[in-house]
Amino acid sequence: MANFDLAIIGAGMAGASLAAEVGGHLRVLLLEAEEMPGYHTTGRSAAFWEECYGGPEIVPLSRASEAYLRDGGFLSPRGALYIGRSEDRAKLDAFEARFADSGARFERLPSAAAQAHVPSLHAEWSEAIWQPHCADIDVAGLHQHYLKAASAAGVELVTRARIESIEREGGGWRLRSADGREWRVGALANASGAWADEVAKLAGARPLSIQPLQRTMLQVRADPPLPRTGPLTLDISGAFYFKPESANAMWFSPHDETPVPPSDAAPEELAVAQALDIFARVLDAEPVKLERTWAGLRSFAPDRKPVIGWDARAPGFFWFAGQGGFGIQTAPAAARLAGQVLRDAQRDEMTLALDAGRFSPARFG
């Protein structure tokens with residue numbers, strides 16, 4: 001059995017980015033249950049960086065990640081448009097007030113200006129907030145970047161390693177996978193996404209009620225199509241979002257959040273039907289072909305903030321979970337901060353303004 005300082009359970013974006021951050025300092029084992037890393041949430045992301053997504057308390061993580069993503073070539077310009085009807089003006093006012101001191105950059109547009117960005121938008125969707133800095137993320141590219149950086153730092157990636165037993169052994173842990181392989185490690189980092197509470201139970205740590213929520217996505221060929229360079233468009237009430245994906249197709253989501261157990265998510269027929277109904281009420285366009293549908297899991301702690309830090313009641317157990325729908329766009333800063341907290345290392349320019357205490361598991365008592 002190999003000996004490692006740290007085992008990271010989960011090789012999606014969270015685990016891969018954390019491995020890249022700590023691999024040069026510790027002997028790290030990166031364990032992935034599936035045959036390929038990123039099969040679940042990472043591989044099913046809507047792939048955008050939108051600095052208000054997740055709420056004001058997530059903005060610092062998103063803004064701190066921006067330079068890394070842009071300088072690395074992982075972002076391409078998109079723009080974002082929050083829209084509402086005349087009866088939704090108070091919600092747009094509340095949005096402006098909620099994010100006023102967050103550092104997020106946006107502007108309120110004149111009434112009926114939304115159609116200049118999305119020509120097929122029904123006229124009743126007349127109110128809008130514009131975010132010029134929103135961008136598409138090359139999720140696969142970013143994930144591979146972190147996996148390659150981890151490998152270069154000496155991290156050992158093991159796939160098809162579904163952990164079924166975690167036991168205390170001396171000052172560390174003994175891990176056993178479903179196929180009988182075993183590893184001895186000094187510490188554990190729980191980056192298992194929707195399975196975060198299940199991994200905590202295996203290790204004897206108290207679960208934190210991290211709940212997977214299913215999100216449905218449709219790829220639709222519309223007539224007329226959205227402009228290829230059109231914005232990510234989000235309902236101010238949170239009932240849908242959509243964005244162009246190719247010259248003729250678009251992504252559309254009913255923004256559903258259905259609590260489910262951790263699983264290989266699959267779209268429900270009802271959610272797909274609801275999405276198409278919303279499509280008809282929002283856009284003056286015909287969904288001429290439903291090219292594909294899929295679903296992903298977005299896992300949240302009860303307060304919808306990520307959980308980053310050592311478990312006070314389970315020595316040697318580190319949480320890096322609860323990244324919800326913002327885990328991709330916050331990956332650089334979240335992983336850098338997590339690596340520094342894990343190693344008790346000094347902050348750098350990326351993380352200096354971040355308050356790690358806001359994300360500590362200690363907040364749950």
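**Labels and their cut-offs**

Author: Start with a strand pairing: Lys-243 stands opposite Trp-251 in β16. Trp-251 is also the bridge partner of Gln-219. This is a predicted model, in which local features need pLDDT of at least 70, side-chain atom pairs count only at pLDDT 80 or more, and totals for chains, interfaces and linings use all residues. Residues are numbered from 1 along each chain as its sequence is written, and side-chain values use heavy atoms, leaving out hydrogens and water.

Reader: What makes a stretch a strand or a helix?

Author: Both are DSSP runs, numbered from the N terminus: a helix is H or I over at least four residues, a strand is E over at least two.

Reader: Which strand does β15 join, and in what sense do they run?

Author: β15 (residues 241-244) and β16 are joined by four bridges and run antiparallel. Two strands pair if DSSP finds at least two bridges between them, so the label applies. A hairpin of four residues connects β15 to β16. Strand β13 (residues 211-223) also pairs with β16, again antiparallel and over four bridges.

Reader: Why is β16 called largely enclosed?

Author: Buried means under 20% relative accessible area, exposed over 50%, partly exposed in between (1.4 Å probe, protein chains only). In β16 (residues 249-253), five of the five residues are buried, so the rest of the structure largely encloses this strand.

Reader: Which residues cover each face of β16?

Author: In a regular strand, side chains alternate between the two faces of the sheet. On one side of β16 are Ala-249, Trp-251 and Ser-253; on the other are Met-250 and Phe-252; all are buried.

Reader: Which strands stand at the edges of the open sheet, and why?

Author: The open sheet has three strands in the order β3-β8-β4, paired antiparallel. β3 and β4 are the edges: each has a single partner strand, so one side of each lacks a neighbour in the sheet. β3 meets β8 (residues 135-137) through two bridges. Phe-48 stands opposite Asp-136 there.

Reader: How does the span of α2 compare with the expected one?

Author: The expected span is 1.5 Å times one less than the number of residues. α2 (residues 59-71) has 13 residues and reaches 19 Å from first C-alpha to last, close to the expected 18 Å.

Reader: Where does α2 bend, and by how much?

Author: α2 bends by about 35° at Ser-65. The bend is the angle between axes fitted to the seven residues ending at a residue and the seven starting there. Gly-73, with a positive phi near 80°, follows α2.

Reader: What covers the buried residues of α2?

Author: The buried residues of α2 include Val-59, Leu-61, Ala-64 and Leu-69. Among the elements covering them are β4 (75-77), α3 (89-99) and α7 (331-343).

Reader: What makes Cys-52 buried or exposed?

Author: Its relative accessible area is 3%, so Cys-52 is buried. Cys-134, at 2%, counts as buried too.

Reader: What makes a set of residues a nonpolar core?

Author: Its members are buried Ala, Val, Leu, Ile, Met, Phe, Trp, Tyr and Cys residues joined through side-chain atoms within 4.5 Å. The largest such core has 64 residues, and Leu-6, Ile-8, Tyr-82, Ile-308 and Phe-320 have the most contacts inside it. Another core lies apart from it, with 27 residues, among them Phe-4 and Val-199.

Reader: How do you know whether Val-199 is buried or exposed?

Author: Val-199 has a relative accessible area of 8%, so it is buried. Val-199 sits in helix α5 (residues 196-202). Contact means heavy atoms within 4.5 Å. Not counting residues up to four places away in sequence, Val-199 touches Ile-9, Ile-166, Asn-190, Ser-192 and Phe-317.

Reader: What makes Ser-126 count as buried or exposed?

Author: Its relative accessibility is 12%, so Ser-126 counts as buried. Ser-126 lies in the loop between β6 (107-108) and β7 (127-131). Its C-alpha is 4.2 Å from that of Ala-112, although 14 residues separate Ser-126 and Ala-112 along the chain.
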